[in-house]
There are 2 protein chains.
Amino acid sequence: MDNYEITFKPANCKVYASEGSTLKDAIVKSGLDFDFPCGGIGKCGKCVIKVLEPKLKVLKKEVEHFSENELSEGLHLACLTKIHSNMTVELNVKKNADYNILQSSLENDFTISPLFQKLFIQLDPPSLKHQTSDLNRLKEKLILKNSKYKNIKIGISTLRQIPDMIRRADNKITVIMDENEILGIESGDTHDKMLGIAFDIGTTTVVGYLMDLYTGRELAVSSLLNPQVKFGADVISRTAYASQNENGLKLLQTTILNALNKLINELCKKSNAKKDDIYILTVVGNTCMHHLFLGLTPKYIATVPFVPVINESIRLDASELKLNINPNGRVFALPTIAGFVGADTAAVILATDIDKSKDIKLAVDIGTNGEMVLGSSKKLVSCSAAAGPAFEGAQISSGMRGANGAIDHVYFRRELTYTVIGNEKPRGICGSGLLDIIAGFVKVGLVNKRGKLLSPDKFTNPSAKKYSDRIISYNNANAFLIVPESETFHGNPILVTQKDITSLQLAKGAISAGIKMLIKNLGINLDDIKEVLLAGAFGNYMDPHSACEIGLIPKELGSKIKLVGNAAGSGAKLALLSESEFKRANRIASKVTYVELGAQEHFNLEFARGMQF
Amino acid sequence: MDNYEITFKPANCKVYASEGSTLKDAIVKSGLDFDFPCGGIGKCGKCVIKVLEPKLKVLKKEVEHFSENELSEGLHLACLTKIHSNMTVELNVKKNADYNILQSSLENDFTISPLFQKLFIQLDPPSLKHQTSDLNRLKEKLILKNSKYKNIKIGISTLRQIPDMIRRADNKITVIMDENEILGIESGDTHDKMLGIAFDIGTTTVVGYLMDLYTGRELAVSSLLNPQVKFGADVISRTAYASQNENGLKLLQTTILNALNKLINELCKKSNAKKDDIYILTVVGNTCMHHLFLGLTPKYIATVPFVPVINESIRLDASELKLNINPNGRVFALPTIAGFVGADTAAVILATDIDKSKDIKLAVDIGTNGEMVLGSSKKLVSCSAAAGPAFEGAQISSGMRGANGAIDHVYFRRELTYTVIGNEKPRGICGSGLLDIIAGFVKVGLVNKRGKLLSPDKFTNPSAKKYSDRIISYNNANAFLIVPESETFHGNPILVTQKDITSLQLAKGAISAGIKMLIKNLGINLDDIKEVLLAGAFGNYMDPHSACEIGLIPKELGSKIKLVGNAAGSGAKLALLSESEFKRANRIASKVTYVELGAQEHFNLEFARGMQF
């Protein structure tokens, strides 16, 4: 029986819930937009809510996720909170690093002032004594609003709408301005209706954030798999597809544009928004994704000397890309830094303010490529290390993406234990799981320095012995059994092979060598780095201890690691909400010095060293 | 037998001609582009050539058309010059007022520097040490060419072409710039290939001038009837069509755009030019033609308080209007001054330099509307008088356009004589013919002061008597027989009716009242006017004495009249050849004070007075 009334703030939405059910169940029932990233199993600590009434006891599991301060404020995890009475719950609580960044930026550094402005004006009607053209009467009022509107431009299609529109609207109109260009006019006062979407186009995942550009609030988030994966899993294979097939580039572009239109639909549905109220899209992505999105060939990024077509930011009409938002809407692609350091990295810097920092910081965004930035307000250097797809669970014998059924964390304690996303029977291992496994191998002594998985007779560490049974022979080499076939979803064993270990070694070797090269190029020492910011999905899911254990991140920096969530997405949101932040992205991109690893002396040596454990 | 060799300069084209044939025949045979406006009958005096060898005798008819100086230089009319020997003939001779204006402007006031610039540059190839984006390598060279290219813009479609193009072209490219925007790039050095067309869109006639923007030379001229006439002969009926029919505006726009595409084709054919080499179009026309061309509704021009959508000049992509020139080409519409004083008038001022003149000048361009400008560098006032179509031969009982078969001049001397365009049997009377006839009526005393065509018994002037037989009764009023049915092309008599006289009275009343209102608004006296510039087809064909006789132009100004040809077209050409002249057009348009005749005190009185003879 649903005998408790649960009130959700700020929507003031009420639902009825039964004794002992969770707040998660009630939230799902309410239909309110709320994410449970780990599927509601108390693991990720992201379904943060604030219980306003009554005061609840703190659960053991919650202690891991909250500070004392937060606990005393009434923060809880919705998935763990059981209902035993009527409750009033605040949903609009932001806690994790991702949101923290945006919030702190919002509070400290910028005011909401998007790339477009909407101005409500009332024109003077014409008369025989005031025979001024329609456009001039409009300009007269604009300049009164702001003297910066001196040299107004207007496109012919907007101009065509003006005469009938202003008369129908009885001279009361809202003008949409992009800098000094009139992009459109609307009947009546609509100045508070302006939405935008920040898109983060990853090689694997595309995320869209629908933002209210008047209030600055995030209205909805949606994501989907980048459908370009059918043309290739990584940027190199997609570039090959675009270059070698007639219309290949066009096809890849259309594919991502269709995906964005799908996200636009979803975001509008989720938040009950109208597409016509969406005027601005900001886009970040690696340079290849950026080029494919714009229909620019990525061909010359992929071959020596790896040059992109363009670095600086681009503004273009959404209609040119057939993106279904307001017909006068525009797309703003953030600037890229180099062929393999993209607009996503520019956005990471924007969101994390490294370019303003007095302290030297290192930001690492690990995907198929590891993009890294090191520096402070004085100087920034960046590079891209070809990590390969191991951290995304691809090209690993039992690898998979971080989806339901993926082993995401593995612990070598008294015995080998693991957690599975969605709390299902395991189907495979995702990047963070693989990292934990290899870190475990190193710690326990199951591999040697060069990464060879030892046979039990070669074990030197006594605690390795208990895993002897898990060492099996596979393709003329050793492999390690993580889950026997009887316990998996599909009835096949889940293994880590010697080849998998090598793949991970290559990945971590590239990234650790990249970090060394940046340090060398900036002319600093390791301990000059005050903070290591891990951005992106993998960076936020992986266990930092494991990363240090295998040397992906230098051990000395272990205590300086901070998770910053999807900083690229946060940067895209900042650029959406604030014209000056968008402009700052351009300054950032032109300020960063790109370090081409392949052209660096000693890189290959460092790479080889970095592969060792 | 074709036994004489005729060499035409500057093309150095040779043709063979027979004894006694004319140079006109030889020119036609050569296929060279050359106009014979009156059809080659020695009337218009426009087929001017210079005979370099041998020296020829001057013909009687040529004396009328040339100054002594010009005759001594060897100028002749091609249609009258007979061939009796080998000859060398210069075709590139410009004489008439139209060309004089442009030439004098060319010599005195402006250097060729069109709205677009084409720059040949050679990019530095990229390398691992110089991993700059394609666009940046292009920008680096542009800024070396001219420091004004600091904030370069580029459209996405051009950007998409760059990477493959620069590599195919081995880094040698020509960049097309419109201000600081890269409009396109071409392979190799094409900087000397840039053409443009100046269009003068009249209510009745559309003219296109194909110009070489590198040399400044006019390559070809073509004209055609404005095909919008099928939707209405004048601006009011076309405006009604555009406003009252669904898609009416679109249809009228498409009609004129198709006509311009037809002209583009013709001009290219005539001069063997490629459409892809045409980058710039300039357009002038009255405000209604201007709006219809751009797809802007003319609805509010036609109703009180007569306001246009826009006055200032517009630049837009030729592709937006589906005009078939280079895909990166642009259209520049000159500014309009008011609802009934259009871009054509701005162009007339541009071509005649009234805005720079110390002396006060009056420019009159008579069509369906008479557009007039009065003033000097200090102040300019303008107005538009609704003359109606009488001067274009429309809505006149025997009226017709100034085409073959039209009586274009009539002389009341010992007997009534007339000339016919094309030297054919007469078909009707065009505007200049009607003007001569009415002027004759006034001079001879066939009409009274109020314009009543008198019966022979009321004649007071003895010399009127000889025309008694020509006064006939028609629709309960008197009419005047110009050509009896036996002498006409169609076997119907050619008459001037009382209604025709009234139409012309209304027209001349409106224009003369307009001139008076301008004089009053500028606060000057009639004799302060130092020059009267007659522009447009009618102004250049009409007999100035007749115009003064009937009071269309005040008699006191008779000696100050100067014919300036198609000054609107000349202005469009100037704007095409020179960015600064185009900009001057904007300054002119914003400087001219528009006088709304309907809102003027005493206008109706002056109008009524002006109708009298």
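B:Ile337 touches B:Asn311, B:Gly342, B:Thr345, B:Ala346, B:Ser382, B:Ala589, B:Val592 and B:Tyr594, leaving aside residues up to four places away in sequence; touching here means that C-beta atoms, placed from the backbone, lie within 7 Å. This is a predicted model, where local features need pLDDT of at least 70, side-chain atom pairs count only at pLDDT 80 or more, and totals for chains, interfaces and linings use all residues. Residues are numbered from 1 along each chain as its sequence is written, while chains are lettered from A and ligands numbered from 1 in the order in which they are written. Helices (H or I, at least four residues) and strands (E, at least two) are DSSP runs, numbered from the N terminus.

**More on B:Ile337**

- B:Ile337 sits in the loop between strand 15 (330-333) and helix 10 (343-352) of chain B.
- With 28 other C-beta atoms within 10 Å, B:Ile337 is buried. The cut-offs are 20 or more such atoms for buried, 12 or fewer for exposed, and partly exposed in between, with C-beta atoms placed from the backbone.
- From B:Ile337 to B:Ile166 it's 171 residues in sequence and 44 Å in space, C-alpha to C-alpha.

**Chain A as a whole**

- Chain A has 17 helices and 27 strands.
- Along the principal axes, the C-alpha atoms of chain A fill a box of roughly 105 × 70 × 50 Å.
- Buried residues make up 49% of the 613 in chain A.
- Take the contacts in chain A between residues at least 6 apart in sequence: 66% of them join residues at least 24 apart.

**A helix pair in chain A**

- Helix 10 (residues 343-352) and helix 16 (residues 579-591) of chain A pack at about 115°, with their axes 9 Å apart. Axes are lines fitted to C-alpha atoms, for helices over the stretch in contact, and angles run from 0 to 180 degrees between N-to-C directions.
- On the helix 10 side, the contact is made by A:Ala346, A:Ala347, A:Ile349 and A:Leu350, and on the helix 16 side by A:Glu581, A:Arg584, A:Ala585, A:Ile588 and A:Ala589.
- By class, those contact residues are seven nonpolar, no polar and two charged. Ala, Val, Leu, Ile, Met, Phe, Trp, Tyr, Cys and Pro count as nonpolar, Asp, Glu, Lys and Arg as charged, and the others, Gly among them, as polar.

**Strand 23 of chain A and its partners**

- Five of the seven residues of strand 23 (residues 477-483) of chain A are buried, so the strand is largely enclosed by the rest of the structure.
- Strand 22 (residues 471-474) of chain A pairs with strand 23 of chain A in the antiparallel sense over four bridges; pairing takes at least two bridges found by DSSP.
- These two strands of chain A form a hairpin with two residues between them, and A:Asn475 in the turn has a positive phi of about 50°. A:Ile471 stands opposite A:Phe480 of strand 23.
- Strand 24 (residues 494-497) of chain A also runs antiparallel to strand 23 of chain A, joined by four bridges, and A:Leu495 of strand 24 stands opposite A:Leu481.

**A sheet in chain B**

- Five strands of chain B make an open sheet with mixed pairing, in the order 2-1-5-3-4.
- Strand 2 (13-17) and strand 4 (75-77) of chain B stand at the edges with a single partner strand each, so one side of each is left without a neighbour in the sheet.
- From one strand to the next, the twist averages 35°.
- Strand 5 of chain B runs parallel to strand 1 of chain B over four bridges, with B:Lys9 opposite B:Glu90.
- Strand 3 and strand 5 of chain B pair in the antiparallel sense over three bridges, and the bridge partner of B:Val51 is B:Val89.
- B:Met87 and B:Val89 form the covered face of strand 5 of chain B, while B:Thr88 and B:Glu90 form the uncovered one.

**Where the chains meet**

- Across the interface, 37 residues of chain B are in contact with 37 residues of chain A.
- Helix 6 of chain B gives the most to chain B's side, with six residues.
- That side has 22 nonpolar, nine polar and six charged residues.

Terms used
Two residues are in contact if their C-beta atoms, placed from the backbone, lie within 7 Å.
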